[in-house]
Amino acid sequence: GLLRASGKNYAFRHHLVQEVLHEEMHPSLREAYHASIGGVVLARLESRDRSGDAAAGPEAAALCRHLFAGRRVLDATAFVLPALRFLVPRGEFGRAIELAEAALEATGLLVGSDRAEAQSLLSHGLQSVSRYDAARQHLEAAIELADTLDGCPHATLGRRDLGELLERLADHEGALRMHREAAELATATGDGLEEARARLGLAGVLMRQRHLTEAHEHASACVDLIPAEGHELVELEAVHTLAQIHVRCNEREETRPLLERAWELARRVGNRNREIAVISTLGHLSFRSGDYLAAHGQLERAIDLASELGNRDDLPHLRINAALCLDYLGRAEEGQAVIERALAEATSMGHETARLRARARLGEILLRRGHLERALVELEAAHEEATRVGDVAAEEASARGLARALAGVGENDKAASILDAWRERVRGKSRDAPAVPASVLTIRAQLLENAGRTDEALALYEQAWERR
């Protein structure tokens, strides 16, 4: 039969049977059914003196489902935020989005700081399903509302979240502006922990845009601002950011103890997504040390873990770096397949930063495989886009590859002008202009050598060697 005994009651043998019968019910009967269940659960919570924030997350989420479906929306007022705080971190984004959108549409249900928090949580859910435009609109609305409220934490939190979203959408200037505003607001409140979080977000953007000195200043300040106990996750992010900065500065001895501490903290707090980040940085360190095989193994481990956890956001960047390792190991054909997959993933997700970097790296691999014509097309397009949006990493990779490609067809002057223009653009963006990478110095030296300027080329080769 369809039913089975369950204690003194009966239950459906399969949940699909229950779902089908539920959907086949007349709408008014289904509404009454949910309203009755919601009323019983609500009465039970009140009898236990557990309402509002005292309700556990699963209870709040289940209760909201019944109260909204039963059109008893106002009875759900105290349970919406506990439900969203439960659903979003668990990755139940479909339920979270449905609940948050319904709650925000209901007149008078969420006001003030509660409304700003709901918009922020909704934005997290929307980003996870690649609805970036809607996520941005809700974050901007949350910030606008929070700015009208005295002491509302979402004025700072919303800016941090918006900064992260804008960076993903390759709006790097906007991301920096949001993170700077968040840091200034947090500093003004005198809340050391919130200031640490805000400055940590700013340090991350500065680091990825290669403004390493300024990034190091903010990340170091974060470590000093974090209270001694009870905030391991913030400490983990600060220590890991410092490790990433040291890797980019080729300061390998300083990096290892920081990564060891970050790994210890990640395991202690049970944050597996942070484990992915630490493993990825370890791969970056191995790559910088010339151990491409170890780097590839570490990145493959990070990719496997990200896939297991359903962490789609990190996968394109991890694949880009794994493809680069394969290229350096002489397995360029495999590297091309991996990076084409990363490009497809980033494009489908609307992850603009990853898409730009994947396209630039694809051009470099095509060039090394001898596909000069296609490489030129990819590199020119990637360089134009990266320059337009100001993505330093993608612009560097595309400028480097394009200069090599142009030199390969005898256009040495044009190649040199592209490298020089890239350097000048970067120099003008910040008081902390990044140093010219060794790979770019090497290409510049090759161009000088091609032009017969041997002494100048030798000097640049020596600089490149020291920088490696």
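Author: The chain has an accessible surface of about 22500 Å², and 49% of that belongs to carbon and sulfur atoms. Such areas come from the Shrake-Rupley method with a 1.4 Å probe, and for residues only the protein chains shown count as cover. This is a predicted model, in which local features need pLDDT of at least 70, side-chain atom pairs count only at pLDDT 80 or more, and totals for chains, interfaces and linings use all residues. Residues are numbered from 1 along each chain as its sequence is written, and side-chain values use heavy atoms, with hydrogens and water left out.

Reader: What makes up the chain in helices and strands?

Author: There are 23 helices and two strands. Helices (H or I, at least four residues) and strands (E, at least two) are DSSP runs, numbered from the N terminus.

Reader: Why is His218 called buried?

Author: Buried means under 20% relative accessible area, exposed means over 50%, and partly exposed is in between (1.4 Å probe, protein chains only). His218 has a relative accessible area of 13%, so it is buried. His218 lies in helix H11 (residues 212–225). Not counting residues up to four places away in sequence, His218 touches Arg199, Leu202, Ala203 and Leu206, where contact means heavy atoms within 4.5 Å.

Reader: Why is Ser130 called partly exposed?

Author: The relative accessible area of Ser130 is 22%, so Ser130 counts as partly exposed. Ser130 lies in the loop between helix H6 (112–128) and helix H7 (132–146). Ser130 also has a positive phi of about 65° although it is not a glycine. Most residues other than glycine have a negative phi.

Reader: Is Ala170 buried or exposed, and how do you know that?

Author: Ala170 has 5% relative accessibility and therefore counts as buried. Ala170 is in the loop between helix H8 (154–168) and helix H9 (172–189), and its phi is near 70°, a positive value in a residue other than glycine.

Reader: Why are H14 and H16 called roughly parallel?

Author: Helix H14 (residues 272–288) and helix H16 (residues 315–328) pack at an angle of about 25°, with their axes 11 Å apart. Axes are lines fitted to C-alpha atoms, for helices over the stretch in contact, and angles run from 0 to 180 degrees between N-to-C directions. Angles under 35 degrees count as roughly parallel, over 145 as roughly antiparallel, 65 to 115 as roughly perpendicular and the rest as oblique. H14 is therefore roughly parallel to H16. Ile276, Ser280 and Phe287 of H14 make the contact with Leu318, Leu324, Cys325 and Tyr328 of H16.
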